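Thanks for coming, everyone. Let me put the model up, and then we'll walk through it chain by chain.

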Amino acid sequence: MFRPTYLILLAGALTGKSSACDLCAVYNADTANGGAAAGATISLAEQFIRYDTVQLDGHELPASFLDEAFLDSSTTHLVPAWNFGERFGLSLNVPYVLKRFERFELTNPGIGSESGTESGLGDLSLITRLTAYRLTGENGSFFINLLAGVKMPTGNADRVAEEVATTRALDEIYGPGHQHAVSGVHLRDLTLGSGSWDGVFGVTANSRWRRLLCNAQFQYYLRTPGESDYEYGDEWMLSGGPGVFLFLRDGFSLNLQALAVYDHMQPDIVLGRENQNTGMTAIYLGPQVNLTLGQSFSANLGVDLPVEIDNQGLQNVPSWRLHGGISWRF
Amino acid sequence: MKSVWLHAFAFMAENGKLPWNMRSDRPVRCTPLKVRLAVLGAIFALVVIARATVPHIYLFEPINPNLVAIHFEMDAFRSYTVQYTSSFIVTSNGITAVWTDLETVPTFPFNNHWVSTDTRSATARFYRLKVVP
């Protein structure tokens with residue numbers, strides 16, 4: 001008999017350069033098949049973001065040497081999870097971060113370039129899930145889940161320390177408030193971890209009726225001061241969209257979704273004042289396919305294309321984002 | 001600028017396009033079309049030129065006993081090179097100098113404020129900006 005198989009995904013809701021969308025990967029793992037049955041789940045999720053569009057205060061800049069700067073950010077999440085019952089679950093998000101980049105920086109005198117790769121363990125997150133409302137029937141289902149957790153400062157935050165040290169050194173020369181950015185890729189973008197303990201919160205609603213499905217997610221990331229008292233800006237996002245099951249059989253399902261994402265990031269705080277080249281509001285649209293095989297295996301793959309990005313200062317913003325994952329329930 | 005408006009009014013009056021309360025029965029002197037176009041072209045050229053900032057080092061700021069900051073504004077899509085010389089040479093053809101590049105700033109796609117720094121090791125230095133194009 002077909003079990004109400006249902007992938008609930010936040011995969012479209014990737015965050016900006018600083019974070020790794022802890023809830024997205026956790027929820028991918030935890031909520032395949034409704035996230036309702038007790039037992040263990042393990043998931044592997046990948047988020048790749050290409051930052052190669054240079055924008056100044058929300059406007060794409062004409063071609064220049066700044067276009068040579070880029071950042072390819074890849075975060076692979078390993079997510080072991082345990083559902084203690086139908087209503088309560090616990091997940092650990094272990095991210096491995098890989099960032100390939102080329103950027104420019106102010107030197108004395110002139111402008112120098114730097115290219116390379118940063119890789120290693122990112123910031124771990126521990127997330128709890130509570131199913132606040134659950135309604136299942138023969139033709140459909142409806143869930144509301146509450147998520148809360150904490151992100152720990154396990155990733156290397158040396159690049160954040162470098163950002164603060166550079167800002168302090170330039171302040172001493174030019175005075176506070178001067179704009180020092182000569183590249184859309186900044187030191188804070190290269191970090192593996194923020195060095196801070198952050199709060200992670202989310203609410204998700206998921207529904208299915210016969211072959212139709214629709215979901216919506218709200219996530220909030222509460223940042224605190226971390227490495228060298230640098231504080232990443234708080235972030236919240238709203239995402240979701242309708243979908244349809246192309247195949248819906250016992251032991252096999254494939255659905256296609258249209259996802260929309262609204263992502264808002266507050267500016268960071270450095271040396272007690274706003275970092276002028278941080279903060280962004282973005283809207284993405286994109287398709288996503290979700291697959292389940294048997295009672296244990298699920299997979300998803302999607303892409304986000306930016307519709308509008310309003311950023312502050314000089315930043316490289318995403319030109320596209322790819323996300324996918326596989327999950328196995330024991 | 002005043003003459004431009006006079007030409008515009010003359011043209012409008014000629015074609016009966018002036019508002020009723022600005023019309024006059026007095027005859028209006030009409031400038032030939034070629035002259036009008038030449039005036040408008042000259043104004044357009046002046047506006048274009050005026051939009052480009054005249055290269056100008058507007059501030060020398062001692063930062064500490066070892067460094068001096070050199071401030072200037074940059075136009076988009078123009079490359080700026082800060083040059084210095086320690087002395088001028090008087091020749092029969094006039095005054096010359098050997099200029100050395102201190103810093104070449106790449107072409108930015110937006111207007112920018114730039115601050116170059118130089119050491120204060122020399123007794124005296126003269127600076128200039130070389131701008132392309």
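**Two chains, one predicted model**

Start with chain B. It has 133 residues, and 7% of them are buried. Keep in mind that this is a predicted model.

What does the secondary structure of chain B come to? The count is 2 helices and 8 strands. Read from the N terminus, the order is α-α-β-β-β-β-β-β-β-β. So much for the list of elements. Now the contacts. Take those within chain B that have a separation of 6 or more: 57% of them are between residues 24 or more positions apart.

Next, a sheet in chain B. Three strands form an open sheet in the order β6-β3-β8, and the pairing is antiparallel. Which strands stand at the edges? They are β6 and β8, the latter covering residues 126–132 of chain B. Each has a single partner strand, so one side of each is left without a neighbour in the sheet. On average, neighbouring strands here are turned by 25 degrees against each other, direction ignored.

Look at one pair in that sheet. β3 of chain B spans residues 79–85, and its antiparallel pairing with β6(B) runs over 5 bridges. To find the place on screen, pick Y84(B): opposite stands T100(B), in β6(B).

Now chain A. Here we have 330 residues, 45% of which count as buried. The elements are 2 helices and 16 strands. For contacts in chain A between residues at least 6 apart in sequence, 69% join residues at least 24 apart.

How do the chains meet? On the chain B side, 14 residues are in contact with 12 residues of chain A. Three elements of chain B give two or more residues each to that side: β2 (67–74), β6 (100–105) and β7 (112–119). By type, the chain B side divides into 9 nonpolar residues, 4 polar and 1 charged. Notice β6(B) again: it is in the open sheet, and it also gives residues to the side that touches chain A.

Last, confidence. Chain A has a mean pLDDT of 88, with 89% of its residues at 70 or more. Residues 1–16 of chain A are below 50, though the model gives that stretch 71 contacts beyond near neighbours in sequence. Residues 28–33 of chain A also stay under 50, with 31 contacts beyond four places in sequence. Where pLDDT is low, the predicted coordinates should not be read in detail.

Terms used. Residues are numbered from 1 along each chain as its sequence is written. Chains are lettered from A and ligands numbered from 1 in the order in which they are written. This is a predicted model: local features need pLDDT of at least 70, side-chain atom pairs count only at pLDDT 80 or more; totals for chains, interfaces and linings use all residues. pLDDT is the predictor's confidence in each residue, from 0 to 100. Two residues are in contact if their C-beta atoms, placed from the backbone, lie within 7 Å. Helices (H or I, at least four residues) and strands (E, at least two) are DSSP runs, numbered from the N terminus. A residue is buried if 20 or more other C-beta atoms lie within 10 Å of its own, exposed if 12 or fewer, and partly exposed in between; C-beta atoms are placed from the backbone. Ala, Val, Leu, Ile, Met, Phe, Trp, Tyr, Cys and Pro count as nonpolar, Asp, Glu, Lys and Arg as charged, and the others, Gly among them, as polar. Two strands pair if DSSP finds at least two bridges between them. Axes are lines fitted to C-alpha atoms, for helices over the stretch in contact, and angles run from 0 to 180 degrees between N-to-C directions.
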